[in-house]
Structure formats: structure tokens, C-alpha cells
Amino acid sequence: MGARGVAEGVVGADGRGAAPTGPRRGLRREPWGAAVPAALWLLALALAVRQAVAVLRLPPGERLTDLDSWIGEQGVLETGGSLYDGAGAFTGTPFSGVVLRPLAHTAEQVLGVTWTFGTLLLVAALGTVAVRALPGPATRSARAAAVPAAVVLLVLSVPVRNTFHLGQTSIIPVLLALCGLLYAARAPRGAGAAVGLAAALQPTVLLFAPLLWLTGRRRAAAASGGVFAGCTALAWAALPSDSWRYWVHHVAGAGLGAPADAAANQSLHGLLLRLGVHGPAEVALFAVLAGSVAVVGLRRAVRYARDGQLLLAAAVAGCVAVAVSPTAWQHQQLWILLAAAGRVGRRSGDRLVWPVFLVLVMTLDSTALVPEVPVLTPLGENAPLIAALLAACVLPFVSTRSPLWDAPERSGPFSRPNLMLELLLIRVGYWLYSLVRGLAPDGRQTAEAHGRQILEIEGALGLDVEHRLNHAVADAARLESFMNSYYAGLHFLVPIALLAWLYARRPLAYRWARTSLSFTTLLGLVGFWLYPLAPPRLMPGLGYIDTAHGPQDFDAPDFGVLTGISNQYAAMPSLHVGWSLWCAVVVVRCTPNVWLRALGVLHPVLTTVVVMGTANHYLLDAAGGAAVVAAGAGITRLWFRHGPAGRAARRAERAGRAPDPDPVPGAADTAGPGASGPPAGAAPGRGPEAERRRAGAGAPE
């Protein structure tokens, strides 16, 4: 294909990504009109203001620390020595230092405000350009909502937050390189100059030059190389000593700043150092791996650019730059988030896995992604690099020419959900639960006052049985050991086992059950915030015995073995009882086996006795746990009848594809294969029995 053919296939006349599925004119408007874009812009503005305030409220020595290293005592480049000397030394290219010369005599206070709000404008510009680079037609309302949504994700991401805090320039190379690729057909020389300037600020961005060349943008590629060489030569003439140190002694900045084996360095070089590979062997292995990633990643970027997916092509090339760079610190990893533009998966339910994974990786701490288990710790620590390598070399992104681009195979709200997405959401959901529970009010005086209120109410009702039961358990060693083990072990084990069984054998019941459990837990967190409560074992002077942790020193400010780990004043409602009651409801609804139902009902009864016998909860806490389960089930029923699942079922019914199933698992889910029709979205030509087997809703065991 010639240069002109590539130009027509990659970039349209207006400089945007090609629209292989049809013209852009006559786009219809969605019924939600301007309400959603306006709400998203308000959210983006609120997040931006919050980020700016958080930075500017820090003391001068703790904010914009990288920017402060550029200024020095007498201004930028006027420190009397090398840019790369001393603690907190400059880590950018010599050309970056030359560009910052006009800021030499600007006061730090004014510079901080100007720099912060200038960075906000750059984030807004990047979000706008990224949306313009998306391929294909879309409704006007969708594109209007996409820009503020992109800005929201950018502001929440770790690279942008890190850029704000450090006072870095890392958004500028991303914006310049993306604009260069986007407008390479319309203004090749200007686009090439933008890429060359970006590479002069961040050298690995020079990978965009071969990308331009291989997509037929040879004038733009030549211009980018020339501008990069000119900017570097200019800096070499102005700062020959610093240029020698940066390009030769430090090999394009390697070794500057923090140690290269720090977890924040998400490059292949940093990974090899963290794995214990050093010396010539590490250099050779890094060269081989970096070369392989560069070849594979650039070939994929070329393919996506020719396919009209310019944002994805830029993101893939940027992910290659992150992986092959000697150092890729957090503020340089923004390319990884842009890879969310790629579409992965044949089913509609699978399309969310990749963007959700990327958003979680680029916005949350590594401990939110994987449990704090030693064998899994490397996965969390290197999650951004793993995401970059997946985007650059592994994931088969859908082509705009594929029938699956706009019409993926329909998953339907009653099919088995994507397992990876479920695991991600469950893990992050539990992390948020632990975080919110830990942040709930834990004032000792308030919590103890509420404890006395609970005991007074129970005494008036004749329900204050906790003290007698607790001492009876403490006097029986075997019973005490059994209850401690029951309290610590089955709280998580039984719900997880049930969810796994439902996912494998009852996908419809699984959706209902996990949604109900989520609402139950959310209501429990509300209770922790509204009513902090000291459990019996943390009530001083009442004689309760902590059977698991031993006597408490109530004279110490932070008494208790676990008070420094999580909020121990979150006893109302008892989610031990709530989750066990949820398990009973699931078992009763999903199996006709009498013995299994009896065990299911026995579980919350035993749990209630255990939480009181171990002095962890009051009887009214158990009642609160039952209340949130009932409320969670009610909200779930409304959600399935009137939410997305209910609307999808009604659409399927109107289309004549399937009857409207009851979203709540009951007789239809346990009475056997002939009890109801196939689930919504059943493939034509398949009988009810085959379709139910496909959905995992066969006869009860």
C-alpha cells in the first residue's frame, strides 16, 4: 500500500481517526441529551479542584518536589554546578532544562499555582484529543460525554496524580506524540515536529518515528527525527557537560533519580533488577527482551493505525516505550491507561474486563489488586508493567473491520458473567470494604456509650445473655477453641465456596446472590459509620473475656491486639451473622436437598451463638445483620426488576426470544430443566434443555 493509500486508511480529512463503519454526519442524539455530559464535567471539575487544593495545601518543601529541584537557589540552570548533582537532582533531559530557563526567576509560590492549573489544562486537552482519536461514528451525546469521562479517568490515575504532586512535565510528551500521530496526514511536518519535540523531552517517545514511517508518514517521520536531533544538539551546545553526563555517562538518563530497582520503575530493566539479575547478564537480557517487545509492539501499533484505531496505536507504542525504557517512573506511565481504548473479547460481557483491569491498575494501590500474600505480591508490584506488556504484545484487540466491532456476541444478563471481571470486582470490593471499615468513626468514648445503650435496651427486653454465654464458653476449653476457629474461619470460607458453586452451576442465581451480598455489605458499612459500637470484649469494667486475643489493657490509649490493624468499633450490624444468613438464604433457594437446607439454616444460628460466646457482638448486632440482609435482598429484587437486567429481559420478551424469567432464584432455578424456558438471549435453533445446560442451570444435584 502506498503512502497515499495509508493516509486515507489511517487518518480522515479532518485529521481524526478513520471511520470505517460509515460517515459521521447525521448522528442521532440520545434521549439523555446533555444531562450526563454536564454531570461528568461537574465531576471532572470537582476532582480537578480537589487535586489542585491537595497539592497547593502542602508545605513548599513537600509539593512540586521535582520542580523545586529545577529551580535551585538561584533559578533554573543557575545552581553553579551540574543539573545532575546532589540529592533530588534533575532527572529530565538537558533539553528540558533549556526549555525551563525562562522560569529561572519566577517565585516558587506563583510558579506552583501556575504550574498546577497549567497541568489541569493539559489534562483537559489530552482528554479531548484522546476522544477525537477514537475510531468510528458515534452519537453526538456519546462523544460529548466521552471527553469529561476521559478527563475524570485521567485525573484519578496515578500517573497524573504523581505529575501534580511532583511538578513534572510528563503530560506534555504524551499530548505532543498523540497529536503528531493524529494529524500526521493533515500536516506532516508539524506533526513530525511535535513527535520530535516530545522525544526531546522523553527520549523513548522517539519510537513514534518508526511508527510514522511504517504507516506511510515518511515526511512526518523524517521531521520528527530532525527536530529531535536539533533539540538535542541545541541542548548539547548550551550544556555540553550535562549532555555528556545524561546521554553517555547515564545512557539516556539511566541511573538518575531513585534506584532503578525501585517498585515505582515499571520497566523491564527495573523488573530484572528486582528479580536479582545484575551486571552484564542483566544488560544482555534486557537488550534482548526490549528488542523483542519493540519489534512486536511496533508491528501491532502499525496494524492498529492502519485499521483506524489511532488512539490504540499510540497507546501500544507508548506501552512499548514504558517497557523498554531504562526507567519508567509513575508519572511516565500514562500511556498504559490510554490502552483502554482497545476492545477485547467476542462477547459483550467480556468487553469490560480489559478497561476495568486497566483503570484499577492505574488508579489504585497494588494492595487493592491482589491479597497481601507473598506469592502474589510480585503481581501487584509489577501490575502496570504487566498491563503494558499485555497491551503491547499479547492482547488480540478487535479490528474495526470485524463484525464483532459493533456487534459482539450477546452475553445477556442471565448468562455466566466473565470470571476475570468477577474476581477483579470481588477483590477490589473487599479492599474497599476493608478501607471504609477502617476509616469509619472509631471514637472510643462514643463507641463505649453506644455499647452501654445496647446493653440497656437488651436488659429492658430481657435479652442480655452475652455475659453468661461468654463466661460459659471461656470455662470450656474445647468449646472455646471450637468457637474461635468457627468465628475466624467460616466467615469467609462459606460465602466464597457458595459463590464459586453458584458461578459454576447456577449462573442466574449467582448474579442475584452476589448482587444481594454486595448491597448487604454496603448497608453494613453505612451502619458502621452511623453507629460506631464497641463490642463486648472492648467494653471496660464489664467482665467480658476476649477468648481469641486474651485480656485487654484498657488503660492503654490504643488497647487491643487488632485496634492498630482495623477498626474494632464496627460491631453494628454483625456482618458475621449477616453473611451467614445470606448463605442460608442462598442454600434454601438453590437446592431442594433437605439436609443441605438444614445445614444452611444451622449456619447463621451457630454463628449468632459464636459471635456472642466469643464476646465479639451483642444479640442486637445479630438482629442488625439480619436486617441488612433483608434490605439487601429487597434492593436486589428491585434492581433486577427495574435495572439493566430487567430491561434486557423485557426487551427479549418483546422480541419473542424468550419469556421474561424471574430474576430471583427460586423454583425455576431448582425444579429441573423442564421448569422454565431458556434464558434471555438463547441461541435460535437450540432446545430448552441444551440452552439451560449451556447456561449452567441444569437439574439440581
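A salt bridge here is a side-chain nitrogen of Lys or Arg within 4 Å of a carboxyl oxygen of Asp or Glu. R537 is buried, with a relative accessible area of 5%, and D546 is also buried, at 6%. Buried means under 20% relative accessible area, exposed over 50%, and partly exposed in between, with a 1.4 Å probe and protein chains only.

The model is predicted: local features need pLDDT of at least 70, side-chain atom pairs count only at pLDDT 80 or more, and totals for chains, interfaces and linings use all residues. Residues are numbered from 1 along each chain as its sequence is written, and side-chain values use heavy atoms, with hydrogens and water left out.

## The chain as a whole

The chain has 31 helices and 0 strands. Helices (H or I, at least four residues) and strands (E, at least two) are DSSP runs, numbered from the N terminus. Of the 701 residues, 48% count as buried. The accessible surface comes to about 31300 Å², and carbon and sulfur atoms hold 66% of that area; the areas come from the Shrake-Rupley method with a 1.4 Å probe, and for residues only the protein chains shown count as cover.

Among contacts in the chain with a separation of 6 or more, 76% join residues 24 or more positions apart. Contact means heavy atoms within 4.5 Å.

## Salt bridges

The structure holds 6 salt bridges. Side chains of opposite charge can pair when their charged atoms come close.

| Pair | N to O distance |
|---|---|
| R401 and D307 | 2.6 Å |
| D406 and R343 | 3.9 Å |

R401 and D307 meet in a salt bridge. R401 lies in the loop between α20 and α21 (419-439) and D307 in the loop between α14 and α15 (310-324), so this pair ties together parts that are 94 residues apart in sequence. R401 is exposed, at 59% relative accessible area, whereas D307 is buried, at 5%.

D406 forms a salt bridge with R343. This pair also links distant parts of the chain: D406 is in the loop between α20 and α21, and R343 is in the loop between α16 (334-338) and α17 (353-363), 63 residues apart. D406 counts as exposed at 54% relative accessibility, and R343 as partly exposed at 29%.

The expected span is 1.5 Å times one less than the number of residues. In α9, 10 of the 14 residues are buried, among them P188, V195 and L201. The buried residues of α9 pack against α4 (94-99), α8 (171-182), α10 (208-214) and α11 (218-238).

Helix α8 has 12 residues and reaches 16 Å from its first C-alpha to its last, close to the expected 16 Å. Since 9 of these 12 residues are buried, α8 is largely enclosed by the rest of the structure. The buried residues of α8 include I171, L175 and L182.

## Helices α14 and α20

Two packed helices are described by the angle between their axes and the distance between the axes. Helix α14 (residues 279-306) and helix α20 (residues 383-394) pack at an angle of about 65 degrees, with axes 7 Å apart. Axes are lines fitted to C-alpha atoms, for helices over the stretch in contact, and angles run from 0 to 180 degrees between N-to-C directions. On the α14 side, V293, V296, G297 and R300 make the contact, and on the α20 side L389, L390, A391, A392, C393 and V394 do. These residues divide into 8 nonpolar, 1 polar and 1 charged. Ala, Val, Leu, Ile, Met, Phe, Trp, Tyr, Cys and Pro count as nonpolar, Asp, Glu, Lys and Arg as charged, and the others, Gly among them, as polar.

## Two loop residues

S574 lies in the loop between α25 (507-530) and α26 (575-590) and counts as buried at 0% relative accessibility. Not counting residues up to four places away in sequence, S574 touches V611, H617, D621, A622 and G625.

V251 is found in the loop between α12 (240-249) and α13 (268-274) and is exposed, at 51% relative accessible area. Leaving aside neighbours within four places in sequence, V251 is in contact with Y246 and P326. The C-alpha atoms of V251 and P326 are separated by 8.7 Å, and the two residues are 75 residues apart along the chain.
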